[in-house]
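Have your sequence and viewer open for this one. We will walk through the fold first and then stop at a handful of residues.

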Amino acid sequence: MFKILVVEDDKELNRSVCTFLNQSSYEAAGCLNATDAYDAMYAAALRALTIKW
């Protein structure tokens, strides 16, 4: 199973994207800021990272 980290500062959008990915057979976790994302990236083996540019 792919582990995906969603980095999005909009709390509702972050939750929605994670819910969609989890229901689509992915293991998604969300972070609301870059500091939390940085910590999460090094705490888990991730296959993908989504960010808003």
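Here is a short tour, from the whole chain down to single residues.

## Before we start

This is a predicted model: local features need pLDDT of at least 70, side-chain atom pairs count only at pLDDT 80 or more, and totals for chains, interfaces and linings use all residues. Residues are numbered from 1 along each chain as its sequence is written, and side-chain values use heavy atoms, with hydrogens and water left out.

## Overall fold

The protein has 2 helices and 3 strands, arranged along the sequence as β-α-β-α-β. Here, helices (H or I, at least four residues) and strands (E, at least two) are DSSP runs, numbered from the N terminus.

For its 53 residues, a compact globule would have a radius of gyration near 10 Å, and the protein agrees because its value is 10 Å. That radius is taken over C-alpha atoms, and the globule rule is 2.2 Å times the number of residues to the power 0.38. Along its principal axes, the C-alpha trace spans about 25 × 25 × 15 Å. Take contacts between residues at least 6 apart in sequence: 61% of them join residues at least 24 apart. Contact means heavy atoms within 4.5 Å.

## Surface and charge

Buried residues make up 21% of the 53 residues, where buried means under 20% relative accessible area, exposed over 50%, and partly exposed in between (1.4 Å probe, protein chains only).

On the charge side, there are 5 positive and 7 negative side chains, and the centres of the two sets lie 6 Å apart. Lys and Arg count as positive and Asp and Glu as negative, while His and the chain ends are not counted. Each charge is placed at NZ of Lys, CZ of Arg, CG of Asp or CD of Glu.

## The nonpolar core

Ile-4, Val-6, Cys-18, Leu-21 and Ala-28 form the largest nonpolar core, which has 5 residues. The elements giving two or more residues to this core are β1 (3-7) and α1 (11-23). A nonpolar core is a set of buried Ala, Val, Leu, Ile, Met, Phe, Trp, Tyr and Cys residues joined through side-chain atoms within 4.5 Å. In soluble globular proteins, nonpolar side chains tend to be buried together.

## A buried asparagine

Now look at Asn-14, in helix α1. Is Asn-14 buried or exposed? Asn-14 is buried, because its relative accessible area is 5%. Leaving aside neighbours within four places in sequence, Asn-14 is in contact with Val-6, Glu-8, Gly-30, Cys-31 and Leu-32. Asn-14 and Ile-4 are 10 residues apart in sequence, and their C-alpha atoms are 12 Å apart in space.

Phe-2 lies in the segment before β1 and is partly exposed, with a relative accessible area of 41%. Not counting residues up to four places away in sequence, Phe-2 touches Tyr-26, Glu-27 and Arg-47. Its partner Tyr-26 lies in the loop between α1 and β2 and is partly exposed, at 33% relative accessible area. With the sequence cut-off of up to four places applied again, Tyr-26 touches Met-1, Phe-2, Ile-4 and Leu-21.

Ser-25 lies in the loop between α1 and β2 (27-31). Ser-25 is not a glycine, yet has a positive phi of about 70 degrees, and it counts as exposed at 56% relative accessibility. In the loop between α2 (34-43) and β3 (48-51) you will find Ala-45, which is exposed, with a relative accessible area of 63%. Ala-45 and Gln-23 are 22 residues apart in sequence and 20 Å apart in space, C-alpha to C-alpha.
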